[in-house]
Amino acid sequence: MSHNIYIYIALMAITTYLIRILPLTLIRREIKNRFIRSFLYYVPYVTLAVMTFPAILDATQEPLAAALALCVCIVLAYFGKSLFLVSVLGCVTVFITEWIMHHG
Amino acid sequence: MIGTHKQNFLRGAKDGIPIFLGYFAVALTLGIAAKAAGVTPLQAMLASLTNNTSAGEFIGFTLIAEGGSYLEMILMELIANARYLLMSCALSQKMDPTVPTWQRLLMGHGVTDEIFSISVSVPGKLDPFYTYGAIAVAVPGWTGGTFLGVILGNVLPTSLVSALSVGLFGMFIAAFIPAAKKDKVVAGTVAASFLFSYLMNRLPVFDFLSSGMKTVILTVVIAAAAAILFPRKEETENVA
C-alpha cells in the first residue's frame, strides 16, 4: 500500500495540534484543587530541566563544550541576565571550546 | 503582564529572537533528515509550518521514509508530543479565564518547548499577544530553516551548527534558573530532574522508551512528588 505524503503531514499536524489546544480550550477556570495547582506550578520547571539534561551533552560535537556551556548559562541566568544573552553566550562557549579542542 | 497588547506583542517578538536563531539551526538538521526521507523542500516547509515541533517531525520523516502506516503516524505523534498536553494544562492556568476560545486556538499552535518556556515565565498572567509575538518571529526561523536544510544539506560548517544547537537549551536554562533562585523547592526539583533524567537517559533498562515518553514520565512523577511533599501556599501562586 502506498501512502500519500500530504496525508502523512496532515495527520502529523492534526494530532499535534489537538494535543496542544485541548487543555488550553477545555480548562477555562482556575483550578482550585491544591495538589493540581501545585503540580501544574512545578510542571514547567521539571519539564525544562528534564529536557535540558543530559540532552545538552549530546547536542554538540564535544560533550565537554556542552558541559561548559551549561555552567556558563546557569551562572548567567542566576545573575538575572536576559534570555538572549544566556542563549548566545552558551553558543559562543561551545564554539570557542570546540575550536580550542580541535585546533589547540 | 502589564502593558498593552502591542507592547506585549513586541516583548514576545524580542524574546523570540534567540528562539529564531536556535530554531533555524535545529531546523537545518531537520531539513537534512527530511531530504534523506525523500521529502521535497516545499513539503518539508509545509510540515514545519503546520507541525512546529522538532521531535515530532523527526519521527514523522523517519516514518515517511519507512512507509509506516497512518495509524502508526498518529500514535508516534501522540507519544512524541504528549509533553505539550502538560504544557497546555500549565498555560491554561497562566491565562486569565476571560481569554476567548479563538485566542486559545491561535496561541495553541505556539505550544512548543521554547515558546512555552518563555510564555510561562512572564510575570503574572500571560497576555496571548506576547505568545503571538514570539510565534511571529520564531516560526519563520523554523519553517525557513527546514526549507534551507533540505536544499543546502550539509553545506554549513559542523562547528557552527554544533554551537547554535546549544542555544535552545540556553533558553530553557534562562527560564528555570531564576525561578530556582527565588524558590528553594524549585531549586531542589530542578536538581532532582537533572539527576533522574540523567539516570533514565543513560541506563540501558529504559532504552525502550522514546525520549518524548521519558520527558512525560519524569515530569509527571517529579512534579507530582514535589506537589505532594511541598504543596504551594495560595498567596505565592503568581510568583513564577
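Q: Into which domains is chain B divided?
A: Domain bounds come from an automatic or database domain assignment, and in this predicted model chain B is divided into domain 1 (5-167) and domain 2 (183-240). Their centres, taken over C-alpha atoms, are separated by 23 Å. Two residues are in contact if their C-beta atoms, placed from the backbone, lie within 7 Å, and the contact here takes eight residues from domain 1 of chain B and eight residues from domain 2 of chain B. On the domain 1 side, the largest share, six residues, comes from α4(B).

Q: How are the residues and chains labelled, and which pLDDT do local features need?
A: Residues are numbered from 1 along each chain as its sequence is written, while chains are lettered from A and ligands numbered from 1 in the order in which they are written. Because this is a predicted model, local features need pLDDT of at least 70 and side-chain atom pairs count only at pLDDT 80 or more, whereas totals for chains, interfaces and linings use all residues.

Q: What is the mean pLDDT of chain A?
A: The predictor's confidence in each residue is given as pLDDT, from 0 to 100, and where pLDDT is low, the predicted coordinates should not be read in detail. Chain A has a mean pLDDT of 91, with 98% of its residues at 70 or more. Helices are DSSP runs (H or I, at least four residues), numbered from the N terminus; among the elements of chain A, helix α2 (residues 34-52) has the lowest mean pLDDT (87) and helix α4 (residues 63-78) the highest (97).

Q: How many residues of chain B are in contact with chain A?
A: On the chain B side 85 residues are in contact with 65 residues of chain A, and the largest share of that side, 18 residues, comes from helix α4 (residues 70-94) of chain B.

Q: Which residues touch the most other members of the largest nonpolar core?
A: A residue is buried if 20 or more other C-beta atoms lie within 10 Å of its own, exposed if 12 or fewer, and partly exposed in between, with C-beta atoms placed from the backbone. A nonpolar core is a set of buried Ala, Val, Leu, Ile, Met, Phe, Trp, Tyr and Cys residues joined through C-beta atoms within 7 Å. The largest such core has 109 residues, of which Ala138(B), Ile173(B) and Phe176(B) touch the most other members. Helix α1 (residues 5-36) of chain B gives the largest share, 13 residues, and the core lies between domain 1 and domain 2 of chain B because both give residues to it. Leaving aside neighbours within four places in sequence, Phe176(B) is in contact with Tyr45(A), Leu48(A), Ala49(A) and Val190(B).

Q: What covers the buried residues of α4(A)?
A: The expected span of a helix is 1.5 Å times one less than its number of residues; α4(A), with 16 residues, reaches 22 Å from its first C-alpha to its last, close to the 22 Å expected. Its buried residues include Leu70(A), Val72(A) and Ile74(A), and their cover includes α3 (55-59) and α5 (83-103) of chain A together with α9 (167-182) of chain B. Just after α4(A), Gly80(A) takes a positive phi of about 75 degrees.

Q: Where does Asn52(B) lie, and is Asn52(B) buried or exposed?
A: Asn52(B) lies in the loop between α2 (41-51) and α3 (54-66) of chain B, and Asn52(B) is buried, with 24 other C-beta atoms within 10 Å. Although Asn52(B) is not a glycine, its phi is positive, at about 55 degrees.

Key. Helices (H or I, at least four residues) and strands (E, at least two) are DSSP runs, numbered from the N terminus.
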